Amino acid sequence: MDDVAQALGISKRTLYENFSSKDELLVHCMEYMRVLNEKEHKAIDSTSKDVLEVITSHLFLVIKQLKTVSIAFLQDMTKMCKPTVNEKYREGKEQNRQYIAQMIKQGQVEGLIRIDINPELLIDIFTEQGPAIKELYAKGKYSMEEIFMNLYITYLRGSCTNKGVERIDKLISDFKHNN
């Protein structure tokens with residue numbers, strides 16, 4: 001709380017007048033970020049041409065956001081979060097799972113994602129990579145962008161039909177060219 005107050009240029013007392021605990025501040029920040037992210041994700045949904053553009057645009061947005069997150073924060077979140085914060089995080093995670101499953105199914109209908117792919121299993125595989133990603137990032141050998149591009153794009157390409165792979169490759173190329 002000392003660091004937060006200092007960064008904001010206010011006293012710790014002022015901070016505690018607005019937030020009764022670190023958890024309350026963290027939940028408030030998470031909610032604020034959720035609202036901002038929701039706006040960005042809705043904009044992506046409304047402007048994308050197909051489901052693979054939606055998925056990759058969301059992925060690139062997450063990569064951009066993760067570039068600003070320190071490994072220390074991720075580790076602190078894991079160690080220090082109390083049940084109220086973890087519950088808020090789990091709610092968002094479940095909403096994301098449902099959304100991603102819907103996108104995978106839509107991609108199957110569009111002929112971009114292989115029909116033999118089980119959306120729930122694919123999401124479980126993605127989810128299980130979280131601790132490994134944190135661990136790799138903590139070692140400092142790879143950037144978050146490099147980890148995500150190598151891991152998730154590999155999974156995504158492997159889930160696509162030939163038509164989908166061509167589309168993914170174009171989207172990735174465009175992303176790299178513009179960033």
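Colleague: Which residues of helix 10 does helix 4 meet?

Modeller: This is a predicted model. On the side of helix 4, the residues in contact are L52, E53, T56 and F60. Their partners in helix 10 are G164, R167, I168, L171, I172 and F175.

Colleague: At what angle do the axes of helix 4 and helix 10 cross?

Modeller: Helix 10 covers residues 162-178, and its axis comes within 10 Å of that of helix 4. The crossing is right-handed. Its angle is roughly 35°.

Colleague: Are helix 3 and helix 4 roughly parallel or roughly antiparallel to each other?

Modeller: The axes of helix 3 (residues 22-47) and helix 4 (residues 51-66) come within 9 Å and cross at roughly 150°. An angle over 145 degrees counts as roughly antiparallel. The two helices are therefore roughly antiparallel.

Colleague: Which residues of helix 4 meet helix 3?

Modeller: Helix 3 passes helix 4 in a right-handed crossing. Helix 3 contributes N37, E40, H41, I44, D45 and T47 to the contact. The residues they meet in helix 4 are E53, V54, S57, H58, L61 and Q65.

Colleague: How many residues of the contact of helix 3 with helix 4 are polar?

Modeller: The contact draws on residues of both helices, including N37 in helix 3 and S57 in helix 4. Of these residues, 3 are nonpolar and 3 are charged, while the polar ones number 6.

Colleague: Is R97 buried or exposed?

Modeller: R97 lies in helix 6, which spans residues 83-109. Buried means under 20% relative accessible area. Because its relative accessibility is 18%, R97 counts as buried.

Colleague: Which side chain does a polar contact of 3.4 Å join to that of R97?

Modeller: Apart from neighbours within four places in sequence, R97 is in contact with E120, I123, D124 and T127. I123 is 26 residues away in sequence, yet its C-alpha is 6.8 Å from that of R97. The side chain joined to R97 by the polar contact is that of E120.

Colleague: What does the side chain of Q129 reach at 3.3 Å?

Modeller: Q129 is found in the loop between helix 7 and helix 8. With 18% relative accessibility, Q129 counts as buried. Beyond four places in sequence, Q129 is in contact with L151, Y152 and Y155. At 3.3 Å, its side chain reaches the backbone oxygen of I125.

Colleague: Which residue has its backbone oxygen 2.9 Å from a polar atom of the side chain of S159?

Modeller: S159 belongs to helix 9, residues 144-159, and counts as buried because its relative accessibility is 3%. Leaving out residues up to four places away in sequence, S159 touches I113, R114, I117 and L122. The backbone oxygen at 2.9 Å belongs to Y155.

Colleague: What percentage of the residues in the protein is buried?

Modeller: The protein contains 10 helices and 0 strands. Among contacts with a separation of 6 or more, 59% are between residues 24 or more positions apart. Of the 179 residues, the buried share is 34%.

Notes: Residues numbered from 1 in each chain as written. Predicted model: local features only at pLDDT ≥ 70, side-chain atom pairs only at ≥ 80, totals over all residues. Heavy atoms only, no water. Helix = DSSP H or I, 4+ residues; strand = E, 2+ residues; numbered from the N terminus. Buried < 20%, exposed > 50% of the residue type's maximum accessible area, 1.4 Å probe, protein only. Contact = heavy atoms within 4.5 Å. Polar contact = N/O pair within 3.5 Å; in protein donor to acceptor, adjacent residues only side chain to side chain. Axes fitted to C-alpha atoms, helices over the stretch in contact; angles between N-to-C directions. Parallel < 35°, antiparallel > 145°, perpendicular 65-115°, else oblique. Left-handed = near helix turned anticlockwise from the far one by under 90°. Nonpolar A, V, L, I, M, F, W, Y, C, P; charged D, E, K, R; others polar.
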